[in-house]
Each structure stands twice: as structure tokens, then as C-alpha cells.
Amino acid sequence: MSNSPSDASTTAPTATRPKGGLGRLSTGDVLSVADLSTGDIDAVFSTADTLADDRWSFGGALDRRSIVMLFEKPSLRTRVTFEVGPARLGAHVMYFDHSKQRIGEREPVLDYAKNLERWADAIVARTYSHRTLVELAEHASVPVVNALSDLEHPCQALADFFTLRRRLGRVAGLRLAYVGDGNNVCHSLLLLGAALGAHVTAIGPDRCAPDARVLERAQRLAAASGGGACATTDLDAIDGADAVYADTWVSMGAHDSESQRAALEAYQVDAAMMARATSDAVFMHCLPAHRGEEVTPEVIDGPASIVYDQAENRMHVQNALLAHLLLGT
């Protein structure tokens, strides 16, 4: 099934409600992928499938709903997909640039949340500190969605496994090798993959290992699902992977450490590394990418790369997530 824009309907949207309604999620906020039950994830993926097949599906479903976006960090994919996507469903989206003044500096997060809940139907926040998101969710009565924090990037991981499901036909049993810094994206991939029965391995030097508490939580989820979650320094763990995933060596806003870059040089994903995976393995990256650093151009721009499918699916998954949060009954 193609995921290219040329296959998406360009018919003008009509005001429609989802047939049969949408199920309510088991959580009112999505700060972590672990907030979602497997039933929640299945429901979101099913709705995202409909939207991916026809991006005008549910046109007008979020009519008269307002979504506020609070962004402390720059963004291309997250900002555009959270603005264009909900607008296609009829929502009004307002963007606040907090790159110069972080949330909570001008007035307490409590007051920020209490004001926004009076005007908006949902808050989408992209923050440096995960604690800011937690405080917003604690004090706001409307849904709060994590659009990236220093701890997790749940919308990215949801889009990634949704992309794998559409590309490979399944998630359970898949082997995903994440190569590089054990950052927020790595954390969400470990947690979500474990919950869905996939086997996710974080591969990198000891200094770049994922947070031990996140890994332990992922391993508990994997024990229940039949999946797996582990971290290793051994590149042999790539052998037999169905997907190889890379991310920037230095996370946005982090100290640009030359010693960290040096430690990660051996973990660059190139053609030789991809050859260790299965013959039909896909390459993944959340973008932005640094060609010649964490990945070579021949890999990211080659036939195995599905990075732009991942980027497109951010919009479909996020629209589905918002629809279930705001329309679920």
C-alpha cells in the first residue's frame, strides 16, 4: 500500500464525523507512549490508517475546536504536522514561540495551564524539560500532548511503528535496531516497541546508553507482550534486524560534545552496517539528519530509506490521537 502524497485524495474536504464514533482513550494526556494501552494504540493506528488512505477523512470532525501549541524548541515536522493536520479536520491551531522565554518564566506553569484550559480544547507542548509537561498536565483540565521533551518523543515513536506496520504488515515480532545516542526518541521507541511485542535494541557506547529507568520499564512491558528491550555496545546486535534506526548524535539543546561525537563514530550507519540486517530491512530516521555523521547519504537517500514516510505519518497519527482525545466517547 503506497504512502506517497500522490495517492492521497485531493478532493475538497466535507464536514463529516467519524462513522460509528471514536473510542475514548484510557488516558486524558499523552506525555509518554506508556500512557497508552495497547487498545489505545490499536485504535489510534486504525484511525490513522483511514487518514493515511484519505487525508480528508473526518473533514470537519474537529470543527470549532481550538488547539494551542507551545514550542520551546525549533521544529519543522512537528510544527507543520500539528498545524496542517488538525486544520484539515476543521480545528483552529494557535502557535506560541517560547524559544526566547521558556514556559513558566513569565508566569507560573500553573497559571499558564489554568488560563489555557479556559480557552483551548487541547495543549500541544514541545519543551526542554519533561517536568514542564507534567506540570501542564497536572493543572490543565484539557488534554496535554507531548510534542517532544528531554525524556520522550511519543508522537515520533507512534508514527514510526505505524509506518513499520503499514510497510511490513506487522509490528509484533519485528526486530528494530536503534543505533546511536540513547535519547528521547530512543526511550519512546523502547517503550512502544516493547508494549507492541517488537524487539527493540539500543546500540551505542556506554556513555550514550538510554536511561536505566526507562529501559527497566520497557523490559517489564516486553515481558507481558512477548517482545524485547535491551541496550548494548555490540554492533553484532544489528544482525537480522528488520529496521535500522539512527538519530542525530547530539540532541537538540544538548551540549555539543566532541568527545560524544568521537565515541559515536564507530556507530555510523553505512551500507556495510545495513548489510548486516535482513535483506529487506528498512532504514529509519526521525530527522533532521546529518548526512556523513550518524548516517551516510547512500543509506538515507537509498531504496531502503523510509524517512519521508515516517515524516508524513506524523500528521496522520497525530490527527488520529487528537481525534480520539477530543471526540472519544
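**Close-up views of a pocket and a helix pair**

**Figure 1. Helix H7 gives the most to the lining of the second largest pocket, with 4 residues.** The model shown in this and the following views is predicted. Helix H7 spans residues 212-225, and both H6 and H7 supply at least two residues each to the lining of this pocket. The space within the second largest pocket amounts to about 240 Å³.

**Figure 2. Residues lining the second largest pocket, by name and class.** The lining comprises Ser32, His130, Asp150, Leu151, Glu152, His187, Leu191, Asp211, Arg213, Val214, Arg217 and Arg220. Sorted by class, these residues are 6 charged, 3 polar and 3 nonpolar. Among the residues of the lining are Arg213, Arg217 and Arg220, together with Asp150, Glu152 and Asp211.

**Figure 3. Packing geometry of helices H5 and H6.** Helix H5 covers residues 154-168 and helix H6 covers residues 184-195; the two pack at an angle of about 50 degrees, and their axes lie 8 Å apart. Because of this angle, H5 is oblique to H6. The crossing of the two helices, H5 and H6, is right-handed.

**Figure 4. Residues in contact between H5 and H6.** From H5, the contact involves Pro154, Gln156, Ala157, Leu158, Asp160 and Phe161. These residues meet Val185, Ser188, Leu189, Leu192 and Gly193 of H6. By class, the contact of H5 with H6 contains 7 nonpolar residues, 3 polar residues and 1 charged residue.

Definitions and conventions:
Residues numbered from 1 in each chain as written. Predicted model: local features only at pLDDT ≥ 70, side-chain atom pairs only at ≥ 80, totals over all residues. Heavy atoms only, no water. Axes fitted to C-alpha atoms, helices over the stretch in contact; angles between N-to-C directions. Parallel < 35°, antiparallel > 145°, perpendicular 65-115°, else oblique. Left-handed = near helix turned anticlockwise from the far one by under 90°. Contact = heavy atoms within 4.5 Å. Nonpolar A, V, L, I, M, F, W, Y, C, P; charged D, E, K, R; others polar. 1 Å grid on protein atoms, 1.4 Å probe; cavity = no way out; pocket = protein on both sides within 12 Å on 5 of 7 lines; lining within 4 Å. Points joined across faces, edges and corners; volume = space filled by probe spheres on them.
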